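Work through the exercises below with the sequence and the 3D structure in view. Try each task before reading its solution.

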Amino acid sequence: MIDKLSGAVPMALSVTGATKHYDSGFTLDDVTFDLPAGYIMGLIGPNGAGKSTLIKLILNMIHRDAGEIQVLGLDNLADEEAVKQQLGIVFDSSYFVETWNVNDVERVMAPMYPAWNKATFASYLAKFKLDRKKKLKEFSRGMQMKLMLAIALSHDAKLLILDEPTAGLDVLSRDELMDTLHAYIEDGEHAVLFSTHITTDLERAADFITYINGGRLYYTGPKDEFEDSFRVVKGGPDELTAVKDIAVGLRRYDTGFDALVRAENIAGLSGMEFTLEPASIDDIIRLTNTGEVSGTKEVL
Ligand SMILES: Nc1ncnc2c1ncn2[C@@H]1O[C@H](COP(=O)(O)OP(=O)(O)OP(=O)(O)O)[C@@H](O)[C@H]1O
């Protein structure tokens, strides 16, 4: 909802300078981004980039070394209890005792949320075709994810955070999930942050993208601008020299190369015999992770 006095869209999530060092040597380094209410943001990056670490920091599941995180204007540490009421959380696997059935889950979860709505929960169980009496160990991975989603949507959470929710889902369930997320943000008061490796989900659902690479923020902003910022340049081995200096990502083959080039630098290639193609999200992730170009860790 737009603030009528200021005209500003309220922030569902503001992450400023979030930093976490692990003893393993990995550092999530100074990550900053905003997610306005009414939008869906995809959190992307290769394996080990720091996506789950960032989500755990937002949920205050791990101690942060620096930075500030606000959920709907509330500090996620100082106002932790209030923040938890506003958050709906879906992980890639269930965190419940596997001998429980859905009724047991509701009995445990409902008292944790003053805004728990039995009727809403019942309607999601029906929508997702989840049998209340079945033990969770008899649920498939997709059914467990849907149960967590039903819980997350039944206590009036304003910000939904999903860690790889579509990983174990078939194409029908993925579509159903994306439709559910769209319906959830439609009133402009809710927002979704979801991490994924499945870029078709992003193409379909995400308004914004935050791309983390090696623990550092590479891009945050509108999805369309992300793709429009780059082009893929293809050429033969002899043409590589002309492209190398402006490439922000590069993959070589025996027969030539694919280079990722910022759109504003394309003019420098005019008059040469290259193939220029639009860059997809997959192209950008693939080509910024070959380790061939030193500039791949720059923030746009
Ligand atoms: N508790 C921990 N202690 C030490 N290192 C950790 C810990 N948890 C994660 N790491 C390391 O931090 C890095 C980032 O891990 P993280 O799980 O955040 O990545 P991710 O982007 O979610 O990866 P994936 O796509 O594979 O799920 C990895 O190198 C991982 O090994």
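The model is predicted, so local features need pLDDT of at least 70, side-chain atom pairs count only at pLDDT 80 or more, and totals for chains, interfaces and linings use all residues. Residues are numbered from 1 along each chain as its sequence is written, and side-chain values use heavy atoms, with hydrogens and water left out.

**Exercise 1.** State the strand order of the open sheet of 4 strands and explain what happens at its edges.

Step 1. Strands are DSSP runs of E with at least two residues, numbered from the N terminus. Two of them pair if DSSP finds at least two bridges between them.

Step 2. The order is β12-β13-β11-β14, and the pairing is antiparallel.

Step 3. β12 (247–253) and β14 (275–278) are the edge strands; each has a single partner strand, so one side of each lacks a neighbour in the sheet.

Step 4. Between β11 (residues 230–235) and β14 there are 4 bridges in the antiparallel sense. V232 stands opposite E277 in β14.

**Exercise 2.** Describe the residues that surround the ligand.

Step 1. Counting residues with a heavy atom within 4 Å of the ligand, 13 residues surround it, and the closest are S24, G48, K51, T53 and H197.

Step 2. Look for polar contacts, pairs of N or O atoms within 3.5 Å. A backbone N or O atom of G50 lies 2.9 Å from an oxygen atom of the ligand. For a backbone N or O atom of A49, the distance to a ligand oxygen atom is 3.1 Å.

**Exercise 3.** Which residues does the annotation "domain: ABC transporter" cover?

Solution. In the unreviewed UniProt entry, this annotation covers residues 13–239; such annotations may be inferred rather than shown by experiment.

Notes: Polar contact = N/O pair within 3.5 Å; in protein donor to acceptor, adjacent residues only side chain to side chain.
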